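Here is a short briefing to read alongside the model. Please keep the sequence and the 3D view open as you go.

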Amino acid sequence: MRNSERLSGRRFDHDYGVTTHAVLFLTDLEPEAVGDAGAHATHYEAVPVSDFRALLSHVPPETIASSTFVDVGAGMGRAMLLASEYPFRKVCGIEVSPSLYEIARENLAEARVRSRRCDDLRLVNADARLWKFPPGDLVVFLFNPFDALALRATLASILHRHQPGATWILYHTPVERAELEALATVTLVAQERFGIVVRVP
Ligand SMILES: C[S@@+](CC[C@H](N)C(=O)[O-])C[C@H]1O[C@@H](n2cnc3c(N)ncnc32)[C@H](O)[C@@H]1O
């Protein structure tokens, strides 16, 4: 993590009155509670604020207005709080770690969000590979939550959901981007130094 990212992360926590700035390994936190997901997970780290906004800037306003935002691996809730400043229909977060989920729950309840545009926030303590993604248009956010196998399983749940709409995927630190590029109907919309934005179909 660069020094400027560390500083802006601390500023975010100070301004919003939350705790999101940390680097933690799931297997050190609660190996029993996360089960097999721990073997596929990377680590917890909150998304740099400016990177999140830059990735979302590639999604057209009309798509944001018609979509549910889903943070796959919501951690302590920073991306959900940032997403709530855009007029999404709903903002969801899935977090497999019970302790991170509890911290995110507190952060969402207590945060000082000055320019909230979406009030419908839902956080679940679940494994994203097994979660039932909502129907309709989706903007999915991935901050390098897990390995290729777990990403493949999660993409299958996303793409085969009931009554799917347009699906936009914002992938920060896209180490497993080959899994996305292997999809027959994927379009690369944007590429930043730190991540990609794709649309399916
Ligand atoms: C790099 S952090 C991203 C945190 C958050 N999205 C943000 O940007 O601030 C990745 C998160 O994915 C979670 N995770 C890993 N595997 C998961 C799974 N199978 N289901 C749900 N969450 C998972 C981890 O616990 C961790 O909190």
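## Briefing on the predicted model

L7 has its place in helix α1; helices (H or I, at least four residues) and strands (E, at least two) are DSSP runs, numbered from the N terminus. This is a predicted model, in which local features need pLDDT of at least 70 and side-chain atom pairs count only at pLDDT 80 or more, while totals for chains, interfaces and linings use all residues. Residues are numbered from 1 along each chain as its sequence is written, and side-chain values use heavy atoms, with hydrogens and water left out.

- L7 is exposed, with a relative accessible area of 52%; here buried means under 20% relative accessible area, exposed over 50%, and partly exposed in between (1.4 Å probe, protein chains only).
- Between the C-alpha atoms of L7 and T68, which are 61 residues apart along the chain, there are 30 Å.

**Strands β4 and β5**

- Strand β4 (residues 90-95) pairs with strand β5 (residues 121-125) in the parallel sense, over 5 bridges; two strands pair if DSSP finds at least two bridges between them.
- To get from β4 to β5 the chain passes through helix α8 (residues 98-110), and this β-α-β crossover is right-handed. That term applies if, with the strands pointing away from the viewer, the path from the first strand over the helix to the second runs clockwise.

**Nonpolar cores**

- In soluble globular proteins, nonpolar side chains tend to be buried together.
- The largest nonpolar core has 37 residues, and those with the most contacts inside it are F52, L56, F69, F88, V139, F141 and L170. A nonpolar core is a set of buried Ala, Val, Leu, Ile, Met, Phe, Trp, Tyr and Cys residues joined through side-chain atoms within 4.5 Å.
- Two or more residues of this core come from each of α1 (3-16), α5, α7 (78-83), α8, β6 (136-143) and β7 (164-172).
- Not counting residues up to four places away in sequence, F52 touches V47, F69, A79, L82, A83, Y86 and F141; contact means heavy atoms within 4.5 Å.
- Another core, of 21 residues, lies apart from it and includes V70, L138, L142 and L155.

**Charged residues**

- How many salt bridges does the structure hold? There are 8 salt bridges, each being a side-chain nitrogen of Lys or Arg within 4 Å of a carboxyl oxygen of Asp or Glu.
- E85 and R53 form one of them (3.3 Å, N to O). E85 lies in the loop between α7 and β4 and R53 in helix α5, so the pair ties together parts that are 32 residues apart in sequence. E85 counts as buried at 13% relative accessibility, and R53 as partly exposed at 34%.
- A salt bridge also joins the side chains of E102 and R105 (2.9 Å, N to O). These two are 3 residues apart in helix α8, so about one helical turn separates them.
- R177 and E181 meet in a salt bridge too (2.7 Å, N to O). They are 4 residues apart in helix α10 (residues 177-181), so about one helical turn separates them.
- Salt bridges that share partners join D36, D127 and R129 into one network.
- D51, in helix α5 (residues 49-56), is buried yet has no salt bridge, and R193, the nearest side chain of opposite charge, is 4.6 Å away. For charge, Lys and Arg count as positive and Asp and Glu as negative, while His and the chain ends are not counted.
- Leaving out residues up to four places away in sequence, D51 touches E5, H172 and F194.
- E179, in helix α10, is buried at a relative accessible area of 15%. Beyond its neighbours within four places in sequence, E179 is in contact with A148, L151, R152 and L155.

**Backbone details worth a look**

- The peptide bond from V200 to P201 is cis, with omega near -10 degrees, and P201 is found in the segment after β9 (195-200).
- N144 is not a glycine, although its phi is positive at about 35 degrees. N144 sits in the loop between β6 and α9 (148-159) and is buried, with a relative accessible area of 12%.
- T173, in the loop between β7 and α10, has a positive phi of about 55 degrees although it is not a glycine. At 27% relative accessibility, T173 counts as partly exposed.
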